[in-house]
Amino acid sequence: MSGKTAMVTGITGQDGSYLAELLLDKGYEVYGLVRRVSQPTSGRSLINHLLTHEKFHLVNGDLADQNSIDNAVAQSQPDEFYNLGAMSFVPESWRSPMMTADITGLGALRCLEAIRKHAPHCRFYQAGSSEQYGKVRDVPQTEATPFHPRSPYGCAKVFAFEITRNYRESYDMFACTGILFNHESPRRGLEFVTRKVTMTAARIAKGFDECLWIGNVDAKRDWGFAGDYVKAMYLMLQQDEPDDFVVATGETHAVSEFVELAFEAAGIDDWERYVKIDQRFFRPAEVDLLVGDASKAKEQLGWEPQVSFRDLVTMMVDHDLELEKSKLG
Ligand code: NDP
Ligand code: GDR
């Protein structure tokens, strides 16, 4: 057992919940930063099962508030800090660009400052994104591919990446960014395209919905399983030297392929009959194609994805079919 302490922002989200499970399994004391909310039970469903674990603790704080992060770090004295908190939904970043810059961009700087002042020994992981590549300059994208973000979210993530590198170089901090490509799971938020599709396919199969309203089905993404990707985060902080890594499957699929497989897994033939294109789900600037080259992560971290694209789609559809079945009574 490790005897180490970790702090995780974004603990209530998809990745935070998987990472907390991984770290607790390894014997870590885990402190999760949570925002004060008026109805705590509903927003924390992904970590409910961890609340009684003796090594799991919640600390109130907000990435917008330096003081709260300073206090959380000073009090818990983490050995490792994983900054997964963010406004993570790309379309929302056009509606709320200032908030996105503040939380997704400056939030990372606030974490770095808290560590620099109160726990300089602490290792730092920043949740970077393939959205940093945006209008891609290379195919596939590697750690050397230049950034050209296409949304306020992507711009905020580029800032967070650069400031993490700068703190590493300026203060000799052990600070890394994982440039993670899309990763999904049954815990994925309902507004992201994969979960929206698997949930709607399950609802159509059970007779609760009639069609799927969707945006650009030609966009291509490199989709992996979130449970695999949190292992790469952990491995980055166990290295001798801090560095940045691409984490991806190396495969790309169009949104339409995801839809076709999901409907097939839900037992629905003739999927195109149920799909309706809705202009409201198109973006002001689209990221057309993402596919990552994770060779460096494979060589240096020994990391490889375990769940295939087809298995990922099936896992998510099976989960959503069960959820919808339970509503039938
Ligand atoms: P989620 O959207 O599921 O979770 C986001 C988390 O951030 C939630 O716990 C949320 O808390 C928290 N958060 C939001 N605003 C604040 C704030 N002001 N202060 C503190 N916490 C806040 O994201 P994922 O788990 O999918 O992603 C984790 C990280 O990885 C994010 O930074 C995301 O941008 C990045 N990323 C994700 C990828 C993916 O495919 N999933 C790919 C590449 C990068 P609350 O519950 O209170 O809203
Ligand atoms: P993304 O994920 O923007 O890649 O960001 P999302 O699932 O939202 O979109 C993927 C692609 O699907 C297209 N699309 C739709 N998207 C949504 N949400 N809803 C629709 O109805 C729809 N129709 C088509 C989009 O245009 C896009 O091309 C995710 C987030 O987790 C980020 O936080 C993370 O950084 C990146 O992945 C890597």
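## Helix packing and the ligand site

Helices α1 and α8 (residues 226-236) pack at an angle of about 65°, and their axes are 9 Å apart. Keep in mind that this is a predicted model. The crossing of these two helices is right-handed. On the α1 side, the contact is made by Gln 14, Asp 15, Tyr 18, Leu 19, Leu 22 and Leu 23. Facing them from α8 are Ala 226, Gly 227, Val 230, Lys 231, Met 233 and Tyr 234. Sorted by class, that contact has eight nonpolar, two polar and two charged residues.

Now for ligand 1. Helix α1 turns up here too: α1 (14-25), β5 (123-129) and α6 (152-171) each supply at least two residues of the shell around the ligand. Strand β5 gives the most, with three residues. In total, 24 residues surround ligand 1, and the closest are Thr 12, Arg 35, Asp 62, Ser 88 and Tyr 153.

| Residue | Protein atom | Ligand 1 atom | Distance |
|---|---|---|---|
| Asp 62 | side-chain N or O | nitrogen | 2.8 Å |
| Leu 84 | backbone N or O | oxygen | 3.0 Å |
| Gly 13 | backbone N or O | oxygen | 3.1 Å |

How much of ligand 1 does the protein bury? Taken alone, the ligand exposes 900 Å², and the protein buries 86% of that.

Methods:
Residues numbered from 1 in each chain as written. Chains lettered and ligands numbered in written order. Predicted model: local features only at pLDDT ≥ 70, side-chain atom pairs only at ≥ 80, totals over all residues. Heavy atoms only, no water. Near = heavy atom within 4 Å. Polar contact = N/O pair within 3.5 Å; in protein donor to acceptor, adjacent residues only side chain to side chain. Areas by Shrake-Rupley, 256 points an atom, 1.4 Å probe, with all protein chains shown as cover. Helix = DSSP H or I, 4+ residues; strand = E, 2+ residues; numbered from the N terminus. Axes fitted to C-alpha atoms, helices over the stretch in contact; angles between N-to-C directions. Left-handed = near helix turned anticlockwise from the far one by under 90°. Contact = heavy atoms within 4.5 Å. Nonpolar A, V, L, I, M, F, W, Y, C, P; charged D, E, K, R; others polar.
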